[in-house]
Amino acid sequence: MTHKTVKTYLIDCDLLKDEARFSRYLATVSEARRNKTNRLKMPADKRLSLGAGILLKAALKDFADLPETTNEHGKPYIAGCPWQCSISHSGHYAFLAVAESAVGCDVQEMLTKDTHKIAGRFFTESENALIDSAEMFYRLWCVKESYLKMCGTGMAKPLDSFEVQMRDGAPYIDDTCTVREFPLADGYRFAVCVSGSAVFEETEIIKEL
């Protein structure tokens, strides 16, 4: 069985609060990313967008100048790049996964405590039975989002059209994909879903800007 390689990258976008640093790094990312960042109104959103661009540049060193684009469901990809990628951001973190096959990643800041109403609306009966805490809700939500991103459909595919199980404490969907969670920051959940069998490299955390 061939195992696909998956690489993950993380940045705390609060590193970009310094205006001079923000401007310096904005000039280093692709034109598409600069335009996208400049269109945003809120400073926090601008930092998240630029952080995602910094991760793309770090991950795709040989392909950094290729254009960013999206499919019909809004899934991002780098045109002309042989690897596939997925970007997510929440709170003040941006998270990126790149892989040799279809991949989706998600990060969720755990803010909402009353999660049962959301779970009852979007999750399956078996998934609802697993939820014994807000953290478990976010674990399931994060994995489900990463799976949808791997599929490339976004929310066009209903959240309750597939099911996340827990096997020996780890999330599992089916044998067609590999799911991995990452303990990268307190108060957040991180997950990656990749098509087929995969080997995950250690997350590269961007700390120095």
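**Exercise 1. Determine how many aromatic pairs a search of the whole structure finds, and classify the pair of Phe137 and Tyr138.**

Solution. Rings of Phe, Tyr and Trp (its six-membered ring) pair if their centres lie within 6.5 Å; planes under 30 degrees apart count as stacked, over 60 as edge-to-face and the rest as tilted. The model is predicted: local features need pLDDT of at least 70, side-chain atom pairs count only at pLDDT 80 or more, and totals for chains, interfaces and linings use all residues. Residues are numbered from 1 along each chain as its sequence is written, and side-chain values use heavy atoms, with hydrogens and water left out.

Step 1. The ring centres of Phe137 and Tyr138 are 5.1 Å apart, with 80 degrees between the planes, and the pair is edge-to-face.

Step 2. Phe137 and Trp141 also form a pair, at 5.7 Å centre to centre; with 35 degrees between the planes, this pair is tilted.

**Exercise 2. State where Phe137 and Trp141 lie, and decide whether Trp141 is buried or exposed.**

Solution. Step 1. Both residues belong to helix H6, four residues apart, about one turn of the helix. Helices (H or I, at least four residues) and strands (E, at least two) are DSSP runs, numbered from the N terminus.

Step 1. Buried means under 20% relative accessible area, exposed over 50%, and partly exposed in between (1.4 Å probe, protein chains only). Trp141 has a relative accessible area of 15% and is therefore buried. Phe137, at 3%, is buried as well.

**Exercise 3. Give the order of the three strands in the open sheet, and describe how helix H6 packs on the sheet.**

Solution. Step 1. The order is S6-S10-S9, with antiparallel pairing. S6 and S9 (177–182) stand at the edges; each has a single partner strand, so one side of each lacks a neighbour in the sheet. On average, neighbouring strands are turned by 15 degrees against each other, direction ignored.

Step 1. Two strands pair if DSSP finds at least two bridges between them. Seven bridges join S6 to S10 (residues 188–195), and six join S9 to S10. Val179 stands opposite Cys193 in S10.

Step 2. Helix H6 (residues 134–151) touches S6, S9 and S10 (contact: heavy atoms within 4.5 Å). The direction of H6 makes about 150 degrees with that of S6. Axes are lines fitted to C-alpha atoms, for helices over the stretch in contact, and angles run from 0 to 180 degrees between N-to-C directions.

Step 3. Six of the seven residues of S6 (residues 103–109) are buried, so this strand is largely enclosed by the rest of the structure.
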